Amino acid sequence: MSKKYWQNFGELNHSEAFQQSAKDEFREELPFEGEGMAEAKTPRRDFLKYVGFSTAAAAIAAGCETPVRKAIPYLNKPADLTPGVSNWYATTYVSGSDVVPVVAKVRDGRPIKIEGNELSTITGGGTSARVQASVLDLYDTARLRYPMANGQEVSSLDAFDKMLGEALTGAAVALVTPTITSPTTKQIITEFLAKYPGSRHVQYDGISYSGILSANEASYGKRAVPSYDFGKAKVVVSLAADFLGTWLNHVEYQKGYAKLRKVGEKNPEMSKHYHFESMMSMTGSNADERYTHKPSEAGIVAAALLSAVSGQAISGVSESVKKGVENAAKDLLANKEAGLVVSGSHSADVQIIVNAINEAIGANGTTINWAAPLLTKQGVDADMATLIDDMNSGKINAVLLYDVNPVYDYFDGAKFKAALAKVKTSVSFNERLDETTALVKYILPANHYLESWGDAEIKPGYISLMQPTINPLFKTRQLQDTLLKWSGNATGYHDYFKNFWVAKLGSEEAYDTALMNGVIEPAAPAAGGAAFSNAKLAEATAAATAKKAGGTYELVLYQKPVLGDGRQANNPWLLETPDPITRATWDNYVIISPSLAKTLIGVDIADRQQADQFEVNPGKPVVKVTVPGKEPVTLPVLVIPGVEANTLAIAVGYGRNAQSGRATVGAGKNAYPLAVNGDFNVSNVSIEVVPKETYKVAQGQTHMSYEGRVEVVKEMLLAEYKAHPDEIMEEREKELKPFGGLDKFTAEGTIYPNYEKPGIKWGMSIDLNACYGCGSCVVACTAENNVATVGKSEVLRYHDMAWLRIDRYFSGDPANPDSIQTIFQPMLCQHCDNAPCENVCPVAATNHSSEGLNQMTYNRCIGTRYCANNCPFKVRRFNWADYTGADSFPNNQDQTIVGHLDDAVHMMNDELTRMVLNPDVTVRSRGVIEKCSFCVQRLQEGKLKAKKENRTLTDSDVKTACQQACAADAIVFGNVNNKDSEVSTVRRENKNRLFYSLEQLHVLPNVSYLAKIRNTEMETGGKLEKPEAHSAEKEGAEKKAEKEHA
Amino acid sequence: MINHRPSAPKSIFFSFFLVLLVSGFGASAQDIAAGKALFISNCAACHNPLKDGTGPALHGITERVPDKALLHSWIKNNQAVLASGNKYFNDLYNSRGKAAMNLFTSLTDAEIDNIIAYVESVKPDEKKPGPGDGVTPAAESDNTLLYGILTLILAIITLVLLQVNSNLRKLSDDKEGVPAAEPVPFYRNKAYITAFAIVLFIIGGYYTIQGAIGLGRNKGYQPEQPIYYSHKVHVGNNQVSCLYCHGGAYEGKHANIPSTNICMNCHMAIKEYGANSEKLYREDGTEVNGTAEIQKLYAAAGWDPNAKKYTGKGKPVEWIRIHNLPDHVYFNHSQHTRAGKVQCQTCHGPIQEMGEVKQFADLSMGWCINCHRESKVNFYDPKTGEGNKFYSIYEKYHNDLEKKKIDSVTVEMIGGTECQKCHY
């Protein structure tokens, strides 16, 4: 427990700027900048006069007339709708080829919140940040609102159909879509293509899994992706597969992975996760042991692992990787069929080797399930290449593009663009005027998934149904309806869909039930392996290992776990949610290693001053990254530990065109074109600094330090934990001894009286072993609680408003990327029973409830910010500006003193976008503090539900938004006074891992954490400092000063 | 006046129960009371004991249909009786435009007898007992003016006496040869000016603060609505249950203004305001033509009363909202009506006596809090099985109740006055 955690290099080195920042509550000067008050033309006296006058005028104006409000009822109220009461409809999130079964909360006719569908055995109610944010996309102001032809609005859908009927007559049509998992849609597409001879359907996934598909065809004779059961895998070896963040069906994997990561007290066993990669991915940061290698060595590492599990000698890898491969192979062989190896490589050769490893350990049929393959990724690169050739050669006369954007996300977007120009008829069904849609002749925007009927078959027999939750907002039509119409079928899609499923399920009742549940699943899950062939292995191994070393610098393109492939790029909630590793918002950038930083930009992060200059200043040096044969990209750099020395990493999904939306404009650069033949590992890259140029990167959350108080977060190694299970408890006992010890600490550690909580006492427990940092809880919180978007310029001023943040701490030696260990800690208001914020509020705007809630009353708050100052967890947020447009003053948002807010903020205040607001939560105005409320509106609703049903409260009545969003169930919440509640059970059964952040302060938090256990013997390298290091240093300095004085 | 919880509602309820108890004469009072409750919840939407509504007037039904068994089967399942070819009921059915009556299969014979007993107990000449009948909130004697005048007179007398006193002193001083300063006229006397300023400040301050507190409060707000809808006629005279129209009050946050189709459930049949019914007057004393107001409803609903068809050209009525809470207040009707079992009149006043609705309470926070301090929670009693089981988790209070340390639990004791019960 004696290691030093750091969030940034300044904290690691304890630099001067860091000390300064630690001293200040808000890391900036108070906002008297430029022509502020001091130089204002209006002298103070005049100012006071104006204030007096306007207050009096406002009072008189307000007093004279009460505005007349109207209450307009329905003419004929729908039977299932009670205004003010939410309805929940099961539907399916489909974005590109990602499919997640969800339920949508519909309040007064508008969907306002998405939750996972707990009836799905695949995701089990889990969601990702993108799923949570998808409801905001429905109200995106950049959505196309009517059909267009040649840039002009077409008056009606019928006119559009007529126009297209003529254009498509006799044409050979290519319909390009992401992987279609919908059985009805597939049938409709087949019927449609039959009408147009020579036509074809091309499935194109922007993030290609073609390598896995081809490899599996070679190894198993199936061009498909199997199900990976991480819930059974006691040893997981990931070769750069970000399976918790972005890879394949990551929501399912998060759920499964968590099963063996939560360490029970009775049986302290957990899975072991090895990770080999080049950059620092979110999944890698969660691994027990992590080894870095050059991106071009992916094949060699895979081959080495194969050799090791086959008992052969390893060659061609670095010493550290060799050690890792040996360890991994040893564990894989020890656990045999309870092991699983996955690879994120785009190369079929590497994937064939991985298949061979899995076969060698017997994972085929156990952790790899071929009886229920994953159907969501079927796009094959070759199909797209052929299509482009055929477009060029004139074999294709018409291209219909649905939910694909190849001009943006195809590695050779320029080639596609040129080919598109040669096609006579081009139609796009995309929802916005994106890079591809801007180039087509005809546009018929499709509905958002929340406006559509549909279905998705995630795995064979596992169906998730989609039903509309709102009428289409604009003149749009879903693809299925359009195709039916264009193939001359008079049936509407809704009827078609209903007929299809009524026939399949046998009766209308069964159909209604299925629609209500949202999912149809087989009675018993199928499991089994597939016939395996090693025929291509030798060839693949030769190809994979022969790969030439790729120059000095190599590049990895990756998806951020929050933003993903860029389909939802105009979503301010996603853009403002910090990346789990870099904590940066609103941009992409080039990630470089500390050692490269030294040589490239001359920043030695071991040197205090240099590190300070780099970290404190948001303006980062700009570099030009050149890939041979490609347009260079200039981006700012961020130095992140744990990255292989000469590897660069850039996130895709940024750099959208201006029409894609007001929020995404200016956010980063497009990195897709840097991929070579679709491979995200790029060799022979050159990098050079653009002299004298800087670019501001808005990194949230690194400014909040804990002044070396490592009692904030606790972790142990599994072996230590097994040997001394109660080490953490002993540590706590020791620490609290002077104040009464663990038992009497609550009562004796304070001079304040102890208030009882007679009925309910809310409490939360967060298992750090199951928190991966993915951010779905953060977005869920934003959606549920109307948390304001502040825009990049405000994040730069540390004015972000997130109620829940995920603190990321590194430990280890930055010079050795393999030594870096990461820990994520969701940090929210701890609802302290002895809260320091409460007793400093001069107006009692924040106080404690008898249920243990730290209450924040906005209408009482006068904005002194004393509470934020006194909060040891720094979870209180101040509304520095009128972010929500909630103030009654017009033009209050853009002012000289407060500054101008970003366009993204104005976009969030659009009449349309505001429809997403939760009517049960106050929209905060300028000048008040806000913070996590434990979703008090849900608590009140749950209690009321129980009261109405004349029964006691159960765990299922109240779930906070963050708890519900978490696929790994890291968060449990409930009534601590009830001994049988989930939270009480978790706390009772995990006494040894339980700790409270900064417990010694006697703030008595109601949020408890379960310490992280790492399944490794690896000593975390780097600085092993005592927790007291900070104060010791201080003392040293003081003594020195004294001496000098003397 | 924020510290006074209006006492009128209490007396209303007291008298309501009194009325319930004494209103029956013939049959047992209890039967009639039970029958009345059943009548209100099941029948009152369409029937009135004395007047024809959607359904016929029921008084005298036992004379018209002496066969009790037949009457029972009619009420339970009128369709079966019609099908059996009973002449009286078939004639009745035809004479009323073949509008079918709802089925009440769940009513027992005893319950039906109670209803009939109630219906027969209502005397044509006597005024029908309404929920808050005969209760007018005690007129508060307003003595402010009197006190004001008295104060003024006393002040003038004091002033005069002071003046006299100072004159006399001056005279005596003159007499004794004590040198005295020139007399200052009272309007330049610093003491007077100071006293006057202080008094002015206090009075002015008082009214300024009262005015400021009153900002945004609209007790007594009674706007003129687009249609003269009288709660007195519907709730008071015709006994329509509150929840029949404002069902949302039992389900969720909003009580909801009923949609036009709810109005039309009854008003498809009720086309005019009875000529013999009591006359309706607006606040300004002008008479209201009830039938004309019903015509306005038809226009809004898009109903053609002659053709008995919807024209499809309806437009929702734009009612003026009376009870407005600020945005930062969360108020849930069902919490109060269903969980808290609070009567509508507690907050909305004697609504059954109002023509156009008037805001009864000031809806200030003090007013809310006072009620939360006084109201008792429906605590679960394991012995009798009464009360809401939700509260069984409050072990401490249960023990205290048992030991008679406390006699009841108020809303405040379970946290009902904490900020985040209403502000979040």
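Two strands pair if DSSP finds at least two bridges between them, and strands themselves, like helices, are DSSP runs numbered from the N terminus (helices H or I, at least four residues; strands E, at least two). In chain A, strand S10 (residues 235-239) and strand S11 (residues 272-277) run parallel and are joined by five bridges. This is a predicted model: local features need pLDDT of at least 70, side-chain atom pairs count only at pLDDT 80 or more, and totals for chains, interfaces and linings use all residues. Residues are numbered from 1 along each chain as its sequence is written, while chains are lettered from A and ligands numbered from 1 in the order in which they are written.

- In S11(A), His273(A) is the bridge partner of Val236(A).
- Five of the five residues of S10(A) are buried, and the strand is mostly covered; a residue is buried if 20 or more other C-beta atoms lie within 10 Å of its own, exposed if 12 or fewer, and partly exposed in between, with C-beta atoms placed from the backbone.
- In a regular strand the side chains alternate between the two faces of the sheet.
- S10(A) is covered on both faces, with Val235(A), Val237(A) and Leu239(A) buried on one side and Val236(A) and Ser238(A) buried on the other.
- Strand S14 (residues 368-374) of chain A is also mostly covered, with six of its seven residues buried.
- S14(A) runs antiparallel to strand S9 (residues 225-228) of chain A, and three bridges join them.
- Within this pairing, Leu374(A) of S14(A) stands opposite Val225(A).

**The four-stranded sheet of chain A**

- An open sheet of four strands has the order S37-S30-S39-S38 in chain A, with mixed pairing.
- Strand S37 (971-975) and strand S38 (994-995) of chain A are at the edges, each with a single partner strand, so one side of each has no neighbour in the sheet.
- Two bridges pair S38(A) with strand S39 (residues 1007-1010) of chain A in the antiparallel sense.
- Tyr1009(A) in S39(A) stands opposite Phe995(A).
- Helix H32 (residues 982-989) of chain A lies across strand S30 (762-767), S37, S38 and S39 of chain A, at about 115° to S37(A); axes are lines fitted to C-alpha atoms, for helices over the stretch in contact, and angles run from 0 to 180 degrees between N-to-C directions.

- Helix H4 (residues 129-138) of chain A is mostly covered, ten of its ten residues being buried.
- Among the buried residues of H4(A) are Arg130(A), Gln132(A) and Asp137(A).
- The cover over the buried residues of H4(A) includes strand S2 (86-95), strand S3 (98-107), strand S4 (110-116), helix H20 (572-576), helix H26 (776-784) and helix H31 (961-965) of chain A; two residues are in contact if their C-beta atoms, placed from the backbone, lie within 7 Å.
- Helix H13 (residues 381-393) of chain A contains Asp390(A).
- Asp390(A) is partly exposed because 18 other C-beta atoms lie within 10 Å.
- Leaving aside residues up to four places away in sequence, Asp390(A) touches Lys395(A) and Ile396(A).
- From C-alpha to C-alpha, Asp390(A) and Tyr209(A) are 23 Å apart in space, and they are 181 residues apart in sequence.

**Chain B**

- Chain B has 18 helices and five strands.
- Of the 424 residues in chain B, 23% are buried.
- Among contacts in chain B with a separation of 6 or more, 68% come from residues 24 or more positions apart.
- Helix H13 (residues 260-267) and helix H14 (residues 290-301) of chain B pack at an angle of about 130°, with their axes 10 Å apart.
- That angle makes H13(B) oblique to H14(B), given that angles under 35 degrees count as roughly parallel, over 145 as roughly antiparallel, 65 to 115 as roughly perpendicular and the rest as oblique.
- Thr260(B), Cys263(B), Met264(B) and His267(B) of H13(B) make the contact with Ile294(B), Leu297(B), Ala300(B) and Ala301(B) of H14(B).
- The residues of this contact between H13(B) and H14(B) divide into six nonpolar, two polar and no charged; Ala, Val, Leu, Ile, Met, Phe, Trp, Tyr, Cys and Pro count as nonpolar, Asp, Glu, Lys and Arg as charged, and the others, Gly among them, as polar.

**Interface of chains A and B**

- In the interface, 45 residues of chain B are in contact with 44 residues of chain A.
- On the side of chain B that touches chain A, two or more residues each come from helix H12 (248-251), H13, strand S5 (319-320), helix H15 (333-339) and helix H18 (395-402) of chain B.
- H15(B) gives the largest share of that side, four residues.
- The side of chain B that touches chain A divides into 16 nonpolar, 20 polar and nine charged residues.
- Strand S1 (residues 70-71) of chain A pairs with S5(B) in the antiparallel sense over two bridges.
- Ile320(B) in S5(B) is the bridge partner of Lys70(A).
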